Amino acid sequence: MCTAKLGADHPYTITISCDLARVLTVAGWSEQAHPLAAQVLPTAVRVLGDANTHPTTARTRSYLAEFRS
């Protein structure tokens, strides 16, 4: 991922991590997707804002909600 070059707090890294979690879920790899989404959510909230202010945070929350259902 771009974490090594940009850092974990970069908006691109957060967005790519969120999108990767979604792709893994769609591909049927939920066991790998859930930890990634859970890891990126606190960073997304801190850097991008809560689900009411940034779509990436909202998507990550939505993915985590899918895992719980």
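The conversation below takes up the labels one at a time.

Tutor: Please keep in mind that this is a predicted model; its secondary structure comes to four helices and zero strands, and the elements run α-α-α-α from the N terminus on.

Student: Why is Thr-25 counted as buried?

Tutor: Buried means under 20% relative accessible area, and Thr-25, at 18% relative accessibility, therefore counts as buried. Thr-25 is found in helix H2 and, leaving aside residues up to four places away in sequence, touches Ser-30, Ala-33, Glu-66 and Phe-67.

Student: What makes the length of helix H2 agree with its number of residues?

Tutor: Helix H2 covers residues 11–26, and at 1.5 Å a residue its 16 residues should span 22 Å; the end C-alpha atoms are 23 Å apart, which agrees.

Student: Which residues of H2 are buried, and how do you know on which side of H2 they are?

Tutor: The buried residues of H2 are Thr-13, Ile-14, Ser-17, Cys-18, Ala-21, Leu-24 and Thr-25. Because they cover an arc of only 135° around the axis, they are on the same side of H2. These buried residues pack against helix H1 (3–6), helix H3 (30–48) and helix H4 (55–68), whereas Tyr-12, Val-23 and Val-26, on the other side of H2, are exposed.

Student: How do you know whether the radius of gyration agrees with that of a compact globule?

Tutor: With 69 residues, a compact globule would have a radius of gyration near 11 Å, and the protein has 11 Å, so the two agree.

Definitions and conventions: Residues are numbered from 1 along each chain as its sequence is written. This is a predicted model: local features need pLDDT of at least 70, side-chain atom pairs count only at pLDDT 80 or more; totals for chains, interfaces and linings use all residues. Side-chain values use heavy atoms; hydrogens and water are left out. Helices (H or I, at least four residues) and strands (E, at least two) are DSSP runs, numbered from the N terminus. The expected span of a helix is 1.5 Å times one less than its number of residues. Buried means under 20% relative accessible area, exposed over 50%, partly exposed in between (1.4 Å probe, protein chains only). The arc is that of the directions from the helix axis to the C-beta atoms. Contact means heavy atoms within 4.5 Å. The radius of gyration is taken over C-alpha atoms; the globule rule is 2.2 Å times the number of residues to the power 0.38.
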